[in-house]
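Please read these notes with the model open beside you. They go point by point.

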Amino acid sequence: MSGTSVEIQGLSKSFDNHQVLKNLSFDIRSGEFFSILGPSGCGKTTLLRIIGGFEEEDSGVVLLDNVDMKNYPANKRKTNTIFQSYALFPHLTVYENIAFPLKIKKMTKPLIKNEVEKYLNMVKLSGYEKKYPKELSGGQKQRVAIARALINQPGILLLDEPLSALDAKLRQHMLVELDSIHDQTGITFIYITHDQHEALSVSDRVAVMNEGKILQIGTPSEIYESPKDAFVADFIGETNFIEGIVQEKGGKFAKLYSETLKTMIEFDMDQSVEIGDKVKLTIRPEKIRVKRENPQKTSSQHFNILKGKVDEIIYHGFQSKFFIDINGFILKAFKPHLSYFEESERIGWKEEVYFWWDADDSFLVEVSK
Amino acid sequence: MKKNYGTIYSLPLSVWLAFFFIGPTLIIFLYSFLKKSPFGGVERSFSLDAFAFLFNPTVLQIAWMTLYISIAVAVITLFLALPTAYFMAKSRYKDSLLLFIIIPFWVNFLIRIYAWIAILGNNGFINNFLIQTGLVSDNFQFLYNPYAVVLITVYTYLPYAILPLYSTIEKFDFGLLEASKDLGATHFQGLKKIFIPGIKSGIYTAFLFTFIPALGSYAVPQLVGGTSSMMLGNVIAREIIITRNFPLASAISLILSLLTIIGILVFMKKNENEKKAVK
């Protein structure tokens with residue numbers, strides 16, 4: 001098997017005067033594990049349904065392996081789908097469910113048997129041939145759905161929130177399995193999810209969608225570490241936003257004055273800004289360090305050092321979430337629990353603390369002139 | 001152990017059924033094995049005369065006609081009801097459509113048959129129209145043949161078939177049809193291999209709901225059937241009202257009941273197997 005490439009050009013779709021997809025254009029490489037991440041109602045499922053041929057686009061083009069899919073119905077496309085509800089045929093056994101696509105192709109019985117056994121093995125369900133879907137657990141149903149979708153040897157596997165019906169532990173497990181199936185088969189995976197952890201942990205690239213638009217496409221670390229958009233920064237993981245007016249700029253860095261923090265903040269100028277621009281910065285809570293003592297700033301390092309009062313601490317096992325109050329503005333900082341010796345006395349509630357971050361770790365997500 | 005109140009709750013209905021259903025059925029059963037008295041009643045002596053008479057060619061012919069009409073009715077009704085129910089279940093106006101299906105029930109059954117006579121009869125709308133437009137010179141006999149009986153019986157029992165089909169189709173997960181397309185099936189293959197098996201219980205129910213009452217038809221063949229399409233129901237009525245041969249009427253009723261019971265048992269068995277499969 002080898003993966004099919006996808007090219008989307010100017011795709012738009014409306015339902016009842018509500019535009020759910022707004023002029024989308026992007027490519028998915030052959031064999032890629034591509035996630036589309038967004039909140040419910042962002043249009044990601046519609047996008048998947050258009051790629052699969054279940055929904056017709058209003059305008060735009062979908063190319064699979066450089067072939068326009070305009071006149072290809074769902075049953076003629078090299079795509080197979082794993083539906084959110086699995087959509088197993090209730091009146092057919094596990095064997096018959098998996099054999100269904102091959103029976104449609106009118107393959108001979110011994111050939112079908114051979115193939116079904118191969119795929120049952122792959123999803124570790126040998127011995128379940130005679131069971132009906134209702135006799136299976138959620139995870140097992142999921143495996144049947146995977147085997148049934150793969151047996152046709154599609155170029156693309158479309159996965160519509162496939163793990164959302166499973167419990168957290170099983171979800172992790174199935175995710176790893178999906179990843180290894182992806183590696184084994186080499187086909188293109190398009191994975192729809194609203195769960196950032198799923199998207200970040202297995203994808204080659206992630207597209208973040210909101211309100212019918214793709215806001216950013218990048219590797220998981222690009223998406224997380226350098227979000228280009230306030231929505232992306234906020235939707236993926238937790239973050240802090242700081243707003244202010246640009247006051248100084250020089251070289252790689254610039255400084256803004258924040259009215260709420262009543263101080264200057266230095267930041268990495270990854271987009272060009274002019275003095276006087278109103279800007280919004282994002283800074284991830286785990287990049288902010290918290291200590292009782294004032295850290296010494298050397299001239300070569302671009303640090304923002306602030307002082308505040310601990311408003312709330314939430315204990316999370318491996319880390320604690322600090323909510324620090326600076327003149328009424330609450331900033332989140334996550335502090336991992338290191339070894340006992342490194343933190344002999346934990347910072348407590350209502351304590352005055354210093355916190356700081358590297359100017360490189362904050363990103364511009366909004367600039368208005 | 002907790003007391004099962006079910007038995008107590010079902011007592012009124014059990015008493016009712018015992019008096020008005022099991023009782024009469026037993027009487028029919030007994031009567032069919034008795035001897036016909038010359039004055040219209042029964043004599044208390046065992047006799048198989050009634051059953052022997054069932055093999056009379058006239059009765060056999062009528063029995064055959066009854067079966068033929070009932071099967072035709074059930075099959076035609078099913079073919080009409082299935083697309084209708086499908087359309088209704090997928091329509092956004094399903095509630096109002098459902099109402100339209102139920103409205104005919106508000107009009108008396110006999111009046112609805114007479115309405116058909118007004119449409120198809122010799123002085124009916126259609127004949128008047130045909131004569132006025134000059135398409136035919138003389139009245140066309142639409143009524144008093146088995147086709148008229150089938151047509152009007154289909155009309156009568158169509159809602160009984162649509163309703164169970166509608167309720168199963170409405171519960172059917174149409175995502176499964178999408179899945180079948182995704183897996184390479186055409187729309188027609190999806191309907192055949194996924195949809196029809198998925199609504200099987202509705203199809204059985206619809207078939208029985210039309211086949212069983214059609215088997216016991218009396219009014220429709222009586223009013224629009226003529227002599228060529230007498231059904232067993234008419235024979236029973238004739239034997240009771242005119243000939244006053246109670247044992248024969250009982251024997252025919254018994255045979256009809258048996259046929260019905262066999263139909264229901266087969267249906268229940270099928271349904272049970274299905275449930276086991278999809279449990």
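1. Start with helix 4 of chain B. Its buried residues are B:I62, B:T66, B:I69, B:S70, B:V73, B:A74, B:T77, B:A81, B:A85, B:M88 and B:A89. Buried here means 20 or more other C-beta atoms within 10 Å of the residue's own; 12 or fewer is exposed, anything in between is partly exposed, and C-beta atoms are placed from the backbone. The cover over these residues includes helix 5 (94-102), helix 8 (146-171), helix 11 (200-215) and helix 13 (232-241) of chain B. An α-helix has 3.6 residues a turn, so residues three or four places apart point the same way.

2. Basis of the model. This is a predicted model: local features need pLDDT of at least 70, side-chain atom pairs count only at pLDDT 80 or more, and totals for chains, interfaces and linings use all residues. Residues are numbered from 1 along each chain as its sequence is written, while chains are lettered from A and ligands numbered from 1 in the order in which they are written. Helices (H or I, at least four residues) and strands (E, at least two) are DSSP runs, numbered from the N terminus.

3. Length of the same helix. Helix 4 of chain B covers residues 57-90, which is 34 residues. At 1.5 Å a residue it should span 50 Å, and its end C-alpha atoms are 49 Å apart, which agrees. The expected span is 1.5 Å times one less than the number of residues.

4. Chain A overall. Chain A has eight helices and 20 strands. Its C-alpha atoms fill a box of roughly 75 × 50 × 35 Å along the principal axes. Of its 369 residues, 38% are buried. Among contacts in chain A with a separation of 6 or more, 66% are between residues 24 or more positions apart. A contact needs C-beta atoms, placed from the backbone, within 7 Å.

5. Cores. The largest nonpolar core holds 94 residues, and A:A147, A:I190 and A:V208 touch the most other members. Helix 4 of chain A gives this core its largest share, six residues. A second, separate core has 45 residues, including B:A74, B:L158, B:V224 and B:V235. A nonpolar core is a set of buried Ala, Val, Leu, Ile, Met, Phe, Trp, Tyr and Cys residues joined through C-beta atoms within 7 Å. B:A74 is also one of the buried residues of helix 4 of chain B.

6. What does A:I190 touch? Leaving out residues up to four places away in sequence, A:I190 touches A:I28, A:F34, A:I36, A:L48, A:I51, A:I156, A:L158 and A:L159.

7. Five strands of chain A form an open sheet in the order 15-19-16-17-18, with antiparallel pairing. Strand 15 (289-291) and strand 18 (329-336) stand at the edges with a single partner strand each, so one side of each has no neighbour in the sheet. Neighbouring strands are turned by 45 degrees against each other on average, direction ignored. Axes are lines fitted to C-alpha atoms, for helices over the stretch in contact, and angles run from 0 to 180 degrees between N-to-C directions.

8. Pairing in that sheet. Strands pair if DSSP finds at least two bridges between them. Strand 15 and strand 19 (residues 352-358) of chain A pair antiparallel over three bridges; A:K291 has A:Y354 as its bridge partner. Six bridges join strand 16 (residues 303-315) to strand 17 (residues 319-326) of chain A. Strand 17 and strand 18 of chain A pair over eight bridges. A:K321 stands opposite A:I314 and opposite A:F334 in strand 18.

9. Hairpins and positive phi. Strands 16 and 17 of chain A form a hairpin with three residues between them, and A:G317 in the turn has a positive phi of about 80 degrees. Strands 17 and 18 of chain A form a hairpin with two residues between them; there A:N327 has a positive phi of about 50 degrees. A:D16 is not a glycine, yet its phi is positive, about 45 degrees. A:D16 lies in the loop between strand 1 (6-15) and strand 2 (18-28) of chain A, and counts as exposed because it has 5 C-beta neighbours inside 10 Å.

10. The chain contact. In all, 17 residues of chain B are in contact with 20 residues of chain A. Helix 9 (175-182), helix 10 (187-198) and helix 14 (246-278) of chain B each give two or more residues to this side of chain B. Helix 9 gives the most, six residues.

Key: Contact = placed C-beta atoms within 7 Å.
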